[in-house]
Amino acid sequence: MAPALLELQNYQVAFSAGQESYPALREISFAVRDREALGIVGESGCGKSLTALSVMGLLPKGAAVSGGEARLNGKILNGLTPEDWRSVRGKQVAMIFQDPMTALNPLIPVGRQIAEAASTHLPVSKREAKNLALDMMRKVGLSRTEHLYREYPHQLSGGMRQRIMIAMAMICKPQLLIADEPTTALDVTIQAQILDLLREMKENAGAAMMFISHDLGVI
């Protein structure tokens, strides 16, 4: 069997308040291998998103890894510095968040946000980053890309914002894509389109995927 791309072993996360510690994740163990898709399903509040945020090094204030370890490509993620995390996020692992309206910056045009993701992690010029962003916008099924590049999140529909989030996550061709309930806020028709798009993008990029949902039908 191929070695795991991402592996969590007896992984634990706890929240601290004063002198007290409150466990949130207890002894989580799973592995995601290259090009594999892993579904994580559970009710609201069970720790699905917290697991994803921990893998991304984005735990909320007061939360910390309290036991076990997480490895990405064999490298232990526990205790990475902020600079180390910047080299991991985007290029090695990327995340599509549940609500693009709160994940996207409302003050920056959506195309520029995709281009910034490219210029942050890839050795490209600003012009090349813009061209990559426009090309990725077309790949996720958006039209009028030159016009959309200059629009702000509030000017787009929910389905379009989610496609922008997918484009931003995939722009650097990450090895692992984490999708945290990416279709929750969408109607059934758009939900099916986004699921098809995620499947297509995963296969074309040769990426692994960790898909989080409370809906067994979606999984």
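Reply: Helix 4 and helix 7 are roughly parallel to each other, a label for angles under 35 degrees, where over 145 counts as roughly antiparallel, 65 to 115 as roughly perpendicular and the rest as oblique. The model is predicted: local features need pLDDT of at least 70, side-chain atom pairs count only at pLDDT 80 or more, and totals for chains, interfaces and linings use all residues. Residues are numbered from 1 along each chain as its sequence is written, and side-chain values use heavy atoms, with hydrogens and water left out.

Me: Which values describe the packing of helix 4 and helix 7?

Reply: Two packed helices are described by the angle between their axes and the distance between the axes. Helix 4 (residues 110-121) and helix 7 (residues 158-170) pack at about 15°, with axes 8 Å apart. Axes are lines fitted to C-alpha atoms, for helices over the stretch in contact, and angles run from 0 to 180 degrees between N-to-C directions. Helices (H or I, at least four residues) and strands (E, at least two) are DSSP runs, numbered from the N terminus.

Me: Which residues of helix 4 and helix 7 make the contact?

Reply: Contact means heavy atoms within 4.5 Å. Helix 4 contributes Val-110, Gln-113, Ile-114 and Ala-117, and helix 7 contributes Ile-164, Ala-167 and Met-168.

Me: What is the strand order of the open sheet?

Reply: Strands of a sheet pair through backbone hydrogen bonds, either parallel or antiparallel. Here four strands follow the order 3-8-7-6 with parallel pairing; pairing requires at least two DSSP bridges between two strands. The edges are strand 3 (37-41) and strand 6 (93-96). Helix 7 packs on this sheet, touching strand 6 and strand 7.
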